[in-house]
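Please keep the model open while reading.

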Amino acid sequence: MFATHPAMSESSLASDRNTVRRDRWRSFLVGWSALVVVVVALLWWAGREEVREQVFVLRDEGAPPESFWVTARRNLLLAHLSLSRAYPWLLLAPYVIWAAARFSLEREHLRRHLLIQGLLAAGFVASCQGLNHHLTSGRPLRLIVAVTETSSHGRAADGSPTETVTRLRKELRVNPSVVPDPLPREVDTRVRVNADGEVLTEPGTREQREESFAWQEADGGTGPGMASGGPLPFALFWRGRLASTALDLLVFASLCGLGHAVHYRHRWQEREQRAAALEASLTQARLHALQAQLQPHFLFNTLNSITALVRQSPPAAEEMLTSLGDLLRLALSQATRPWSSLRDELRFLQLYLDLQQMRYGDRLRFEQAIAPELLDCAVPSLLLQPLVENAIRHGIEPAGRPGTVRVLGRREGDVVELKVADDGVGCPALMEGEARPGTGLTNVRERLRTMFDRGASLSFAPGVTGGLVVCIRLPVTSATPPDDPTTA
Amino acid sequence: MSIRCLIVDDERLARDRVRALAHSEPDLEIVGECRDGVEALAAIEEHQPGLLFLDVQMPRLDGFGVLAALPAGELPVVIFTTAHDEHAVRAFEVHALDYLLKPFKESRFRLAVERAREQLARRRQEDSAGLQSLAAQLRSAQAGGPRILVKSPERVVFLRAAEIDWVEAAGNYVVIHVANERHITRDTMSAMEQRLGAAGFMRVSRSAIVNLQRVRELQPVEPGQFCAVLKSGARLAITCGLREIQERIAEL
């Protein structure tokens, strides 16, 4: 009775968009992982070097102007040092965001997801700390940022001329995993050289005076100095570690928040799409119902039968004509509502079958077995009739012998199971998942998908005594059809 | 002369309808009723009817299957009766005489039977004149000229060229004037011209193709301008030369 559902519907387009998005994200993560592996390998290798001492001259009155490349390298290294804290954050960010979306903290699975997120946080912090630790490993990186050299002449005890060269080096000692703010140390080195430039190694003449390192806290106070080269005081070490762990956790939490935001936005979008798709699908169904009167097969054959009855038996013709009127009226009214009770659906089906029976005589038999408690359930409108029409048109009609159509309904827990079975010719093409051509099955499927998402299903199976069995499973819905905002 | 006819339809009520209408035609003799294609073939072989009322969709063997199974030289006149308009093109191609869309009016039925009468009468003439040659058979098959399929949502008509008065252009469609009926179908004037050109039709202007056998006279309207007056009374402006038309008419 109802025309085929043409082309693609809104809902399938929307789900395609989601699939494309998911695929893109997945390939991005794979590419990112490759990048992470490469970068971590590089950093690991860089961290294994024994000596990492590099000399850069920042500011020197008497030194020749430095080359462009030296400046570039120094700036790069300085940038690297300040950012090195953030490398692990950047590398791990996409995963954290993905995990936050995937294991979002919602009402269902709250405990499980919370546990997973906790484990991920620990893993995140451990990776950050580990990477930083490995990179610095307690070995300070020495950067010499300024060298000034002054010389003064004097005389040694034996009267030979001596030259005293004073080299003032400003050193930047960085151990990022411990000290948050590196400050330059001043290292004063005094050596004695003779006229030829050779260093005089007299005991006691070589002085090395290192000033204590003082760093200033944010509030302006000063902290204890750091001895050069020696191990850090225990408390200081752990205080630094704690601070950096806290920072890592903060970063993790922000990324998690970002992931959740992304996740909820997608969910909201999907909901909007689904509502639009449902509306479109319903409009289609309404259109098809209205077009029903132009569908030749059922309607015109019925009218033709009535023209025959008019001469043979006017009372029978009258009966058939009025039944047809009732059927059309019911069809049009149901077409404007997305839900009807199962009782109404069966009433419609009975009218339809009465008319069909007048045409086919004893070629068509009908049986019905519906569990009584299901009669008040809400089902999508015009659900059963297209299936019965298919059964008659493709199963019973082409068969040379009489056939039976059965409609069965039962409840399995939360699920309503409806079956339409015929024992006519089967349909081999259906077994491979293709729908029969020219049927309203596509529309039924689409509506089930948009109304219930994955909660409903439509499946086919060959009948025990030949023919086909179409099975629909839906969640049980309350007696009053739910209020749908998309109804006119 | 009585016409032997066979009614084939899988629905009892549909057969009843055709039977009732056929009974009201005095020269139709119903030799049998069949429920599907297989029964039909057997009945055709036994009774040799001249006219078939054939449904398309039937179990076991459908209407087209029946025609395909019959020997080519001895096809009866076929009138299809069906609720579906989608078989019209195919019916046209197998040279069915007519295509009745269920439910059809009594007048429509009578028109179809009238055509069947003409067709059968023509065949009998050929037979009685002893013209069994291939040329004669071809001529009789093409009697009336090429056929046009006119399909609209509410009806299907197989028109013979000889029945057409003239064809008028109407945007993406053409209007075919037959006696006092107008049939509209989606087609182009050039396509119609090609199809009808060899059957005594001529394109006299951008918007008209005329059946020259229907032309009663050519009247001058202005110096140099003429119009064709058809037997039905219609007046058509001519933009091609007068001599051309006169030559073509002389050829007929």
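A salt bridge here is a side-chain nitrogen of Lys or Arg within 4 Å of a carboxyl oxygen of Asp or Glu. The side chains of Glu39(B) and Arg35(B) meet that test, at 3.4 Å from N to O. The model is predicted. Over all chains it holds 32 salt bridges.

**Salt bridges**

| Pair | Closest N to O distance |
|---|---|
| Arg343(A) and Asp376(A) | 2.8 Å |
| Arg363(A) and Asp10(B) | 3.3 Å |

Take Arg343(A) and Asp376(A), a salt-bridged pair. The two link distant parts of the chain, 33 residues apart. Arg343(A) belongs to helix 8 of chain A, residues 342-360. Asp376(A) sits in the loop between strand 7 (364-370) and strand 8 (378-380) of chain A. Arg343(A) has a relative accessible area of 42%, so it is partly exposed. Asp376(A) is partly exposed too, at 40%.

Now Arg363(A), which bridges to Asp10(B). Arg363(A) lies in the loop between helix 8 and strand 7 of chain A, and Asp10(B) in the loop between strand 1 (3-8) and helix 1 (12-23) of chain B, so the pair joins two chains.

Glu39(B) is partly exposed, with a relative accessible area of 28%. Arg35(B) reaches 52% and counts as exposed.

Salt bridges also form a network. Its members are Arg311(A), Glu25(B), Asp27(B), Glu106(B), Arg110(B), Glu114(B) and Arg117(B).

**Nonpolar cores**

In soluble globular proteins, nonpolar side chains tend to be buried together. The largest nonpolar core in this model has 57 residues. Which of them touch the most other members? They are Val388(A), Val405(A) and Leu448(A). Helix 8 of chain A gives the most to this core, with nine residues.

Val405(A) shows what surrounds such a residue. Beyond its neighbours within four places in sequence, its contacts include Leu364(A), Phe366(A), Val388(A), Ala391(A), Ile392(A), Ile396(A) and Val420(A). Arg365(A), Glu367(A), Ala421(A) and Asp422(A) are also in contact with Val405(A).

A second, separate core holds 26 residues. Among them are Leu52(B), Phe80(B), Ala91(B) and Leu149(B).

**The parallel sheet of chain B**

Five strands of chain B form an open sheet in the order 2-1-3-4-5. Their pairing is parallel. Strand 2 (28-34) and strand 5 (98-101) are the edge strands, each pairing on one side only. From one strand to the next, the twist averages 20°.

Strand 1 of chain B pairs with strand 3 (residues 51-54) over four bridges, in the parallel sense. Within that pairing, Val8(B) stands opposite Leu54(B) in strand 3. Helix 1 of chain B packs on the sheet and touches strand 1, strand 2 and strand 3. The direction of helix 1 makes about 170° with that of strand 2.

**A hairpin in chain B**

Strand 11 (residues 201-205) and strand 12 (residues 208-211) of chain B form a hairpin, with two residues between them. They pair in the antiparallel sense over four bridges. Met202(B) stands opposite Val210(B) in strand 12. Why is strand 11 of chain B described as largely enclosed by the rest of the structure? Four of its five residues are buried.

**Phe103(A) and Ser104(A)**

Phe103(A) is in the loop between helix 3 and helix 4 of chain A. Ser104(A) is in the loop between helix 3 (87-102) and helix 4 (110-136). Ser104(A) has 1% relative accessibility and counts as buried. Phe103(A) has a relative accessible area of 17%; the cut-off for buried is under 20%, so Phe103(A) is buried.

Which residues does Ser104(A) contact, leaving aside its neighbours within four places in sequence? They are His113(A), His260(A) and His263(A). With His263(A), the side chain of Ser104(A) makes a polar contact, side chain to side chain, at 3.3 Å.

Phe103(A) touches His113(A), Ile116(A) and Gln117(A), not counting residues up to four places away in sequence. The C-alpha atoms of Phe103(A) and His260(A) are separated by 9.0 Å, although the two are 157 residues apart along the chain.

Methods. Residues numbered from 1 in each chain as written. Chains lettered and ligands numbered in written order. Predicted model: local features only at pLDDT ≥ 70, side-chain atom pairs only at ≥ 80, totals over all residues. Heavy atoms only, no water. Buried < 20%, exposed > 50% of the residue type's maximum accessible area, 1.4 Å probe, protein only. Core = buried A, V, L, I, M, F, W, Y, C linked by side-chain atoms within 4.5 Å. Contact = heavy atoms within 4.5 Å. Polar contact = N/O pair within 3.5 Å; in protein donor to acceptor, adjacent residues only side chain to side chain. Pairing = 2+ DSSP bridges. Axes fitted to C-alpha atoms, helices over the stretch in contact; angles between N-to-C directions.
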